Amino acid sequence: MELLNEDRQSELLSQPESGMGYQNVTIMLRGEEERRGTVFNTEYLLYSEEPVSLLQRITEPSQRLLMSERKELGVGERILSLKVIQSETRLSSRVRESSLPKTTSSGADEAAEEELQEEEEFKRFSAYANDRRVTPSRGLLPGTYATTAEDAKQVKTGRDAVKRYALPNPKPAVHVFTIDPPVRTKLKRGIAQPAYGQPGGGVEVIFVKGSPDKTVTGPVQIPP
Amino acid sequence: MTIRLPEKWTRFLVRQPESGMGYQRVDVRLANNRKIKDVVVFNAEEIELPDDCGQCEIEEMRIHDS
């Protein structure tokens, strides 16, 4: 059983309930396969093989301490992501939705490829000044993520970037690169989905074939 | 635990697409044949592995297919 922190709770609050007060979820754990469980009140995660009696015990402070000592209670350190399992009704409504015109409410990896029609500036937030995706000749490697300069205006700190683009690295992404690609650069645009305990919601852009030499400047540093 | 990757894996990873801004999700096979799925690599150089894998050599790596 895991006691979920506020970030995990926010992640779950952005997803639908499975029933009143609980969510059936799949849990991606670091270095392991998926597991299943149920989250109560977005706070207590009970793995599917665990007895529900743990839920009653956790509300008593002395029992909670005992559970921690016996390692029956964790704080979700190994959780990479939590996803609510969609019911059949939701899945069928999703099928209907997919017949509608494509929106940008999903991640960039699911978006259709497009060509840049006019000059536009992009930003890339990184925890590393020596960002490996930026080539020595100041281009971007194929398959590199960034965001629009417009969306980047919402980001004032490195931690803002971690939240807005649902980055798994908790180190603040304080190094900001600017990308000025030429028109006809191939892109995919989407919205960063909640993951790694972060809410996401920012615009994400994939440079499908990268960006040519001399199109990247920076980094400039922002506060952590 | 975070482990710095040997340069050969960094060179491999920079030729692969990212999974998100600044990171890649990969599957690895260790020298002891243990397979670990969906681990995160930051900046093509720092991999997050379970604590008991600190001394293990990576034999095989590929981008995780989600």
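What follows is a chat about a predicted model with chains A and B.

Me: Hi! Let's start with chain B. How many helices and strands are in there?

Reply: Hello! Chain B has 1 helix and 5 strands. Going along the sequence, the pattern reads β-α-β-β-β-β.

Me: And in what order do the strands of chain B sit in their sheet?

Reply: The order is S1-S4-S3-S2-S5, in an open sheet of 5 strands with antiparallel pairing. Strand S1 (2–4) and strand S5 (58–63) of chain B are the edge strands, each pairing on one side only. On average, neighbouring strands of this sheet are turned by 35° against each other, direction ignored.

Me: How many bridges join S2 and S3 of chain B?

Reply: There are 6 bridges between strand S2 (residues 23–30) and S3 of chain B, and the two run antiparallel. As an example of a pair, Tyr23(B) has Phe42(B) in S3(B) as its bridge partner.

Me: Nice. What share of chain B is buried?

Reply: Buried residues make up 33% of the 66 residues in chain B. As for contacts in chain B with a separation of 6 or more, 63% of them are between residues 24 or more positions apart.

Me: Switching topic: how many residues does each chain put into the contact between A and B?

Reply: Chain A puts in 25 residues and chain B 21 residues. On the chain B side, S3(B) gives the most, with 6 residues. That side of chain B, sorted by class, has 11 nonpolar, 5 polar and 5 charged residues.

Me: What about the largest nonpolar core, which residues have the most contacts inside it?

Reply: Those are Leu167(A), Val205(A) and Val41(B), in a core of 55 residues. Strand S3 (residues 35–42) of chain B gives the most to this core, with 5 residues. From chain A, both domain 1 (2–98) and domain 2 (108–221) give residues to this core, so it lies between them.

Me: Let's zoom in on Leu167(A). Which residues is it in contact with, leaving aside neighbours within four places in sequence?

Reply: Within chain A, Leu167(A) is in contact with Ala161(A), Val162(A), Ala173(A), Tyr196(A) and Gln198(A). From chain B, Leu167(A) is in contact with Gly20(B), Met21(B), Gly22(B) and Tyr23(B).

Me: OK, chain A sheet time. What's the strand order in the open sheet of 7 strands?

Reply: The order is S6-S10-S11-S8-S7-S9-S12, with antiparallel pairing. Strand S6 (114–115) and strand S12 (216–221) of chain A stand at the edges with a single partner strand each, so one side of each has no neighbour in the sheet.

Me: Which strands does S8 of chain A pair with?

Reply: Strand S7 (residues 122–126) of chain A pairs with S8(A) in the antiparallel sense over 2 bridges, and Lys123(A) has Thr147(A) as its bridge partner in S8(A). Strand S11 (residues 203–207) of chain A is joined to S8(A) by 3 bridges, again antiparallel. There, Val205(A) in S11(A) is the bridge partner of Ala146(A). Strand S8 (residues 144–148) is mostly covered, with 4 of its 5 residues buried.

Me: How many bridges are there between S7 and S9 of chain A?

Reply: 5 bridges, with S7(A) and strand S9 (residues 175–179) in the antiparallel sense. Phe122(A) stands opposite Ile179(A) in S9(A).

Terms used:
Residues are numbered from 1 along each chain as its sequence is written. Chains are lettered from A and ligands numbered from 1 in the order in which they are written. This is a predicted model: local features need pLDDT of at least 70, side-chain atom pairs count only at pLDDT 80 or more; totals for chains, interfaces and linings use all residues. A nonpolar core is a set of buried Ala, Val, Leu, Ile, Met, Phe, Trp, Tyr and Cys residues joined through C-beta atoms within 7 Å. A residue is buried if 20 or more other C-beta atoms lie within 10 Å of its own, exposed if 12 or fewer, and partly exposed in between; C-beta atoms are placed from the backbone. Domain bounds come from an automatic or database domain assignment. Two residues are in contact if their C-beta atoms, placed from the backbone, lie within 7 Å. Two strands pair if DSSP finds at least two bridges between them. Ala, Val, Leu, Ile, Met, Phe, Trp, Tyr, Cys and Pro count as nonpolar, Asp, Glu, Lys and Arg as charged, and the others, Gly among them, as polar. Axes are lines fitted to C-alpha atoms, for helices over the stretch in contact, and angles run from 0 to 180 degrees between N-to-C directions.
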